[in-house]
Amino acid sequence: DEETQEIDNDSFNEILSIVRGLASNDERIVEYFKDKNQKSGNKKIESSEQFNFEVLSDYIDEEQLSEQLQIRLWDKLAKFNWMPFQEARSIVRSLNLHNLPQWQLYVESNSARKNIPKAPWYTYRGSGWVSMGDWLGSGRVASQLKEYRSFEDAREFARSLSLKNGSEWLLYCRSGKKPDDIPTYPVQTYKDKGWKGTGDWLGIKTHLDTEFFDFDKAKDIIAELGIKSMNEWRVYFKKHKPEGLPSAPNVTYKNSGWKGFGDYFGTGVVAHYNKKYLEFNKAREFARSLKLKTLSEWREYCQSGRVPDDISGSPHNTYKNKGWINYGDWLGTGRVKDGEQDWASFDEAKVFVKKHNIKSKGQWNEFKKNNSLPSHIPKNPNGVYTRLGVWKGWTDFFGLDTPYRPESKGSLYMSFADAKKWVKERGILTSREYVYCKRPNSLPRSPHNVLQWRDQWKGWADFLGKEK
């Protein structure tokens, strides 16, 4: 290529096709390119002159092009002349690789030999291939290729170890003491060849080997024991380990008469997921007939024991995707769950309070108490509009620049001078004495917070008549 000075792939492929055709009839051609790739000057090929390339170019070195072209040709021709198995295996073993992942890293590296195949198990199949362990010289043999003892002999050996469970068996296998002809995972090796479970393999008794009472007999025994719940049964089983009774009866008797824990323990209680409830519209009609107003009242009713068996105490779960909207709809109150309401915008709410001349939180609470708010106006605007990210405080909500202070309808307290005189006459010397003394209603408990005295207040020392 005149711009990149690289060998054009189309032209190269054409040359490669010709050389492959020649190589199929003359093995000297492969040997020639092999020699060039290995850069071995020790071996001379008498007929090498017939492979010289004449390059007519003003912009690329003829010798360099010829050398690179011959090396590239060898890369493509190498697979026509794989190294014999014995020779290849000898070289691979000298690499000191230990497993398949290491081999895969090697064949993808620049140091990999071109005439040693990446998939030797395929290339040398029927020509000496045994296993990857043999190829790398690690001695490892794939599990499926190992020859193990018969099931009976292997089981006899396993039982001789006197191990107590499967965990101890695995620890033994990892200790390095296990013979090579005993499998680590016998369940795989001896499947359909006698395998009956870990208990049989180790010669121990497990819960799977236990013979349980039939279902009706087990129910009779449970009734005699007076056990009424699964929690009580777990405590009893852990303490006594009764023979013939399963720890998980719902599993053991699943296909032998099991109808639920209420039936098994004789309580008659039916699990929520096994109950049959009224369809949604009929159940909602019943709930509305109770005239309950809140979710709390509904919960109290459910805990009272008066709920019919075909009415769910958790209708939001039972009727999910079957008509359920919310508890306001369920009870017929029309109330909507907080966070799901279609509230008025913050500005619309401000217009509402201004229209009703509400200027303080006290007036707002009084208004709520004596009037029914429209459904789109929240009772707690600070909470709703804080979540919406627009709340700036009550003063802003009422459209004021400063907090509203209603005009006094006559002073509640005596004058500041009379208050000081009253304190002095009674010999009160500390703020604590003043706070806890018996005072007339015209004297405040916290004089420093009285608005009408704000301009006259100079501190407790002045109020108590103490000299500075």
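Visitor: What should I know before we start?

Guide: This is a predicted model, where local features need pLDDT of at least 70, side-chain atom pairs count only at pLDDT 80 or more, and totals for chains, interfaces and linings use all residues. Residues are numbered from 1 along each chain as its sequence is written, and side-chain values use heavy atoms, with hydrogens and water left out.

Visitor: How many helices and strands are there in the protein?

Guide: There are 26 helices and zero strands. Both are DSSP runs, numbered from the N terminus: helices are H or I with at least four residues, strands are E with at least two.

Visitor: Why is Arg155 called buried?

Guide: Buried means under 20% relative accessible area, exposed means over 50%, and partly exposed is in between (1.4 Å probe, protein chains only). Arg155 has 18%, so it counts as buried. You'll find Arg155 in helix H8. Leaving aside neighbours within four places in sequence, it is in contact with Asp200 and Trp201, contact being heavy atoms within 4.5 Å. Across the protein, buried residues make up 30% of the 468 residues.

Visitor: What makes Cys302 and Cys437 partly exposed?

Guide: Cys302 has a relative accessibility of 24%, so it falls in the in-between class. Cys437, at 21%, counts as partly exposed too. As for disulfides, the structure holds zero; a disulfide would be a pair of cysteine sulfur atoms within 2.5 Å.

Visitor: How do you know which side of helix H13 the buried residues are on?

Guide: H13 runs over residues 230–240, and Met230, Trp233 and Phe237 are buried there. They cover an arc of only 50° around the axis, so they sit on the same side of H13. That arc is taken from the directions from the helix axis to the C-beta atoms. In general, an α-helix has 3.6 residues a turn, so residues three or four places apart point the same way.

Visitor: What do the buried residues of H13 pack against?

Guide: Their partners are helix H12 (215–225), helix H14 (249–252) and helix H15 (261–264). The face turned away from the buried side carries the exposed residues Asn231, Val235, Lys238 and Lys239.

Visitor: Why are Leu100, Trp121 and Tyr122 called a patch?

Guide: Patches are made of residues with over 30% relative accessible area and no salt bridge, so that like charges are joined within 9 Å and nonpolar side chains (Val, Leu, Ile, Met, Phe, Trp, Tyr) within 5 Å. A salt bridge is a side-chain nitrogen of Lys or Arg within 4 Å of a carboxyl oxygen of Asp or Glu. Leu100, Trp121 and Tyr122 form a nonpolar patch with about 330 Å² of accessible area together, by the Shrake-Rupley method with a 1.4 Å probe, where for residues only the protein chains shown count as cover. Tyr122, in helix H6 (residues 120–123), has 58% relative accessible area, so it is exposed.
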